Amino acid sequence: MKARIFNPRGGVKPDSHKKESSESPIRHVPLPPRLAVLLIQGSQGSARTIVTVGDRVLKGQCIGEAEGADGTAIHAPTSGTVTEIGYYPMAHPSGLSSQAIVIEPDGEERWITYEPLDPATADRDELILRIQASGIVGMGGAVFPSHLKARSNIKTMIINGAECEPWITCDDRLMRERAANVVTGSAILALLTGARQTLIGIEDNKPEAIAAMRAAVRNMEPVTRKCPGAGKMNVVAVPTRYPTGERKQLIQVLTGVKIPPNERVTKYGTQCFNVATAHAVCRALLHGEPMVSRIVTVTGNVERPGNYEVLFGMSIADLLAFCGVKPDTTRVLMGGPMMGFALPSLDAPVIKGCNCLIAASNELFPPSAPEQPCIRCGDCVDVCPTGLQPFEMYWASRTKNLDSARRHHIFGCMECGCCAYVCPAHIPLVDYFRFARSEIRARDEEQKAADQARTRFEFRSLRLEREKSEKAARLAAKAAETRAKAAAGGNAALIADAVERARTQPPAQDNAEQDHQK
Amino acid sequence: MSSPHIRRPASVQRVMMTVLVALLPGIVVYVWQAGAGILVNLAIATATALASEALMLRLRKRPLWIALSDGSAIVTAWLIALILPSIVPWWLTMTGVLVAIVGAKHLYGGIGQNPFNPAMAAYCAVIVAYPALMSQWPSIDGVDFATQLHLILGGSREIDGITGATALDAMRTGLRNQNDVRSILGSGTGTFGFAGGRGWEWIAAGYLAGGLFLLVRRVITWHLPFGFIAGMGLMAGVFWLAAPNNFPSPLFHFASGGTMLAAFFIVTDPVTGTSSPLGKFIFAAGAGIIAWVIRTFGIYPDGIAFAVLLMNICVPLINHATQPVPVGQRKDSRP
Ligand code: SF4
Ligand code: SF4
């Protein structure tokens, strides 16, 4: 069946550089001397330690349980001993550290056994809990907890195998080598979300992956066939274009639905999962294997570029050394060259969102030419997939005209980098946008603080006002009472009242004396 | 350093170089049809542009090399040389370039900030200041290089017999004298060719060829040249159909004066134009319409420069009215 493709606006076609790493099978990496599994794997979902130093753990054993409803569990990537719970740098542009559980492998790789779950018979909640307990998060780099997404109710499910960023090939290899698991996982996700059709989008520069996935859909395992929604599963070759792999972009390409930046995809009856996430779901439910490793593309300035099955917690420096990183490497990018970032520290352990490591040299990634003034050529407008006007946002950011920046939808920008990629004036547009956004946020915070202060102040005046009027009311009431008494009992009552008051109140000079003695 | 970590091999310099290359066919035909004097003017304009650009950058304390090498000053210089009569004295060319670079460009803050098209501002300034010199166009094949050089270098201007009316001028004068279009075109003065001014129509064809090259190389989009030609063609066409004796055809307008140069090289200046595709079309069509009106009812040899400057003024308005709507958003989310 020929699926319809909806061409979105904008986008760019950078050199793909896929062949460097896509042509050899996924390789294993020898066990490192220690593994440091971070408790925080992404901006959402953290875990709480449930082991202590000295504990012996089995491969796949839960060592950090999901914290709260949004949390995701972490597991021992191999069997061994917990030797330390300490702080390790996170693979994050901020360079911040997070707590990690360090395991010294015993070299035996002994698995813990979990009962597989049969998706056809198991309860939906049970399946979703298992996804959470298996520590499954979005593997495309977003690291969003998958159990939260699996809970949505949708019509069309999108499985993202586009892999549009240059250099990255981990999903390509995964689909070529483990297509059956990806398809099964997709069917399970379709079951959970109630999707009536599943569209698997793969860029047409990966013909082998497309063929493997189509074959896998044709030969779907019986267990999968039982899942409703699996019946309408379609592998669609989408045109190669960056950023088609961005989830709303892919949804648009496959369904024609245009989802504004500030709205949720579920509102439009869709949800998008990465192929590696679907694969992990299959392993977790049908094989009882929680997430302990992932496929990482290591490429660029290395002797042995390729895709590696890497245990979480392995130090990135060790992994690069294993792949033969060359000495003239200037920095290492995590993620693709369009949206990835340069790692502040190579001591950071591999995390679930680490899809690609690119060793960059000045030859492969020449430093950008100096920034020139914007000539308003409009190239940035032509390529912006969101239909924004990057140069307007740039002028607004430059002149700190934050209102104008906001009016030009600076918060709709997904930082895909297409505009900066084409700009002939070499303006780091995305940097300007990040700057302006943080300025706007800071200003909003200030505004909020000021508003709160004002509210507090207004409240205080209000309270004083109220107290004053209450006091006035009390005095008035009392006066009225006194008048009423006077009217009722004549002067005698008044005098008795005064005598009574004088008796209960100590004489004034006594007070003064006491003060004096002190 | 942050994302994106790769850049398309594009630069302002490359854009400007492509524009210069695209001007070459027109220049070659110009030399062939009207003599090599234009090359002297191009050289004078280029030298003046680079020198004044360097001076202004120094005065404004900007790094010299990046801005000087971006090629934008040379593009401005070439356009000015090509729109002035090819026998104007050297100082007039220099004045024009100085007005463009110093006045229209740097006093507004340099490339990217200037609201007015520098070449057009220069043209308007010199035509207001030196209307006589600006109306002395050499007749197409009547002037040899030595004479051209003599005139350019400021020699005595004995120009009788070597200048001739341009096609636009001849047409306007003829119509004012109550002649009809056909008799003007057939008057046998050697002014007119098969479509516009004799000889000049080939130069226009050269610009057209260069313009198509820019379209193919995606340096410009079709909205601007098409808008300009459509705007002018619409006005010319309507009036021509209504009164073919009193108004020359659209083809005459296309092939005469600076229409082709303007359509592909002048209204396409990104800095002083509008941004959205619709805005571009409106901007260019407006310039085409106004240019036709000035040509037809005005007193100046060609109306394009004034038309472009008028539309430059309207740019903020057009930009405001044609802001594109982000993908998937409602109309009222327009900035
Ligand atoms: S691509 Fe660069 S130079 Fe062109 S309009 Fe955009 S920001 Fe300005
Ligand atoms: S980074 Fe933002 S503004 Fe630039 S192309 Fe992408 S979405 Fe558009």
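Predicted model: local features only at pLDDT ≥ 70, side-chain atom pairs only at ≥ 80, totals over all residues.
1. The rule (a side-chain nitrogen of Lys or Arg within 4 Å of a carboxyl oxygen of Asp or Glu) finds one between chain A and chain B. A salt bridge links the side chains of A:Asp379 and B:Arg8, at 3.4 Å from N to O.

2. Polar contacts come next: 16 residue pairs between chain A and chain B, both residues at pLDDT 80 or more. A polar contact here is a pair of N or O atoms within 3.5 Å; within protein, one must be able to donate a hydrogen and the other to accept it, and residues adjacent in sequence count only if both atoms are side-chain atoms. On the side of chain A that touches chain B, two or more residues come from each of strand 15 (331-334), strand 16 (341-342), helix 11, helix 13 and helix 14. Helices (H or I, at least four residues) and strands (E, at least two) are DSSP runs, numbered from the N terminus. By class, that side of chain A has 28 nonpolar, 13 polar and nine charged residues; Ala, Val, Leu, Ile, Met, Phe, Trp, Tyr, Cys and Pro count as nonpolar, Asp, Glu, Lys and Arg as charged, and the others, Gly among them, as polar.

3. Now for the extent of the interface. Chain A brings 50 residues to the contact and chain B 30, where contact means heavy atoms within 4.5 Å. About 3,600 Å² is buried between the two chains, with 58% given by carbon and sulfur atoms; this is the accessible area (1.4 Å probe) lost on being put together, summed over both parts. A:Ile375, A:His409 and A:Tyr421 supply 17% of the area that chain A buries against chain B, more than any other three residues.

4. Ligand 1 has A:Asp379 in its shell, along with residues including A:Cys374, A:Ile375, A:Cys377, A:Cys380 and A:Cys423. Near means a heavy atom within 4 Å. The shell has nine nonpolar, one polar and two charged residues.

5. Around ligand 2 there are 14 residues, the closest being A:Cys384, A:Cys413, A:Cys416, A:Gly417 and A:Cys419. Helix 11 (390-398), helix 13 (418-422) and helix 14 (429-504) of chain A each give at least two residues to this shell. Eleven of the shell residues are nonpolar, two polar and one charged.

6. A note on conventions: residues are numbered from 1 along each chain as its sequence is written, and chains are lettered from A and ligands numbered from 1 in the order written. Side-chain values use heavy atoms, without hydrogens and water.
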